[in-house]
Amino acid sequence: MKAFVDKAGLKTQEFSFTIERGKIKEFVQAIGDRNPIYHELTAALEQGYEDIPIPPTFATVIEMWAGLDFEKLIELLQLNPLNVLHGEQEYEYMKTICAGEVISGQMEVVKHVQKGNMDFFKLETVFRNSTGLIAMISRSTVIERH
Amino acid sequence: MKKELPAIIKTPLTHSQLVKYAGASGDFNPIHTVVPVAQEAGLKDCIAHGMLIMGMAGEAICTWFPRESLRKFQVRFQKMTFPGEKLSISGRILGEETVEKETYLLGEVAAINDEGEMKLKGTFRVKKEE
C-alpha cells in the first residue's frame, strides 16, 4: 500500500482560455457530433445563441489546454500514470459559454481518500466568464490503483 | 412519465479517432494513442478516453433537448472501450421536478456496445420547455 498523504486542499493556479470556433469544431469532429449549432454560425444564431456554443463536455478542453493537462495532474497528485482511471465526471451548467468568451478557472482537490489498494481524488473546477459570473462547474473522480 | 428517447448509433471507434480526440481535447495520456504504452499497462490495445464516450453521450442529450436547456450532466465510467467497438447511446426520461418555479426533466443516459456491455452510465437534468 502506498503511504497516504492527503492531497485535499491542493489548488492549481488560476488559468484562462479564449473559446475559439475552430477549437469547438475540431472537438465535435473528434466526437463525431454533427449538431449544426457547433459547425455553422447561422444555425447557432438561429437557435438563439450569441455565437457557436461549446458542447457539454468542452470543459475538458479548457482545462487540458489552459494548463491542467494529464502530465500536470500526474505531477500535482504524484500518480503513476499507468495506473490512473477516470471514475466519474459531472458538470453543472449555469450559463451557456460561446466562442469569443474568455473563461477562467481554477481546480481544487476537494477530497482524497484511500480505500484498499486505491486512492480516490475528487476534483472540482469552477469556470467563470469575463464578468466574474460562474458559468460552469466540473467535478471529477480520479482513481489510482496500486 | 417514463419515456424512452431515440438511441443514437455511433460508427465503430478507430485509433485515428483517438488521436483526433487527444489533439482536440489536449489529453495526451499515451495509453489512448500509443499501443506499446497501453500494453505496458497490461491492456490488449489502446483504450478510448472516457471523456470521448461522455462526449458522445452529450451529443445524444443535445439531439433530444436543446443544448441551452442542459443544466446538469453526470456519468460514471464502467468499462474500457477499445478501437473497433461500436456504441449506441440510449436514454430515457425518468421524471420531473420543480425548483423555484422552474420545471426540470430528469433523465438517464447509457453507452452500450454491440455485445450489450455498458461503458458509461449517467444522469442529466434539462430545463423543461414551456
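Buried, for the residues below, means under 20% relative accessible area, with exposed set at over 50% and partly exposed in between. Keep in mind that this is a predicted model.

**View 1. Arg21(A) and Asp51(A) pair up in chain A.**
Here a salt bridge joins Arg21(A) to Asp51(A), and their closest N and O atoms sit 2.9 Å apart. Arg21(A) belongs to helix 1 (residues 21-31), while Asp51(A) is in the loop between helix 3 (41-46) and helix 4 (59-66), so this pair ties together parts of chain A that are 30 residues apart in sequence. Arg21(A), at 42%, is partly exposed.

**View 2. Glu102(B) meets Lys127(B) in chain B.**
This salt bridge has its closest N and O atoms 3.6 Å apart. What does the pair tie together? Glu102(B) is in strand 4 (residues 102-113) and Lys127(B) in strand 5 (residues 118-127), so the bridge links parts of chain B that are 25 residues apart in sequence. Glu102(B) comes out as partly exposed, with 30% relative accessibility. Lys127(B) is partly exposed too, at 23%.

**View 3. Lys119(B) reaches Glu117(B).**
These two form a salt bridge, with 2.6 Å between the closest N and O atoms. Is Lys119(B) buried or exposed? Lys119(B) is buried, its relative accessible area being 2%. Glu117(B) counts as partly exposed, at 29% relative accessibility.

**View 4. A salt-bridge network brings in residues of chains A and B.**
Glu90(A), Glu92(A), Glu124(A) and Arg139(A) are linked with Lys72(B) in a network of salt bridges. Zoom out to the whole structure, and the count over all chains is 15 salt bridges.

How many disulfides turn up over all chains? A search of the whole structure finds zero. The cut-off for a disulfide is a pair of cysteine sulfur atoms within 2.5 Å. Cys62(B) is also buried, with a relative accessible area of 8%. Another cysteine of chain B, Cys46(B), is buried at 0% relative accessible area.

Notes. Residues numbered from 1 in each chain as written. Chains lettered and ligands numbered in written order. Predicted model: local features only at pLDDT ≥ 70, side-chain atom pairs only at ≥ 80, totals over all residues. Heavy atoms only, no water. Salt bridge = Lys/Arg side-chain N within 4 Å of Asp/Glu carboxyl O. Helix = DSSP H or I, 4+ residues; strand = E, 2+ residues; numbered from the N terminus. Buried < 20%, exposed > 50% of the residue type's maximum accessible area, 1.4 Å probe, protein only.
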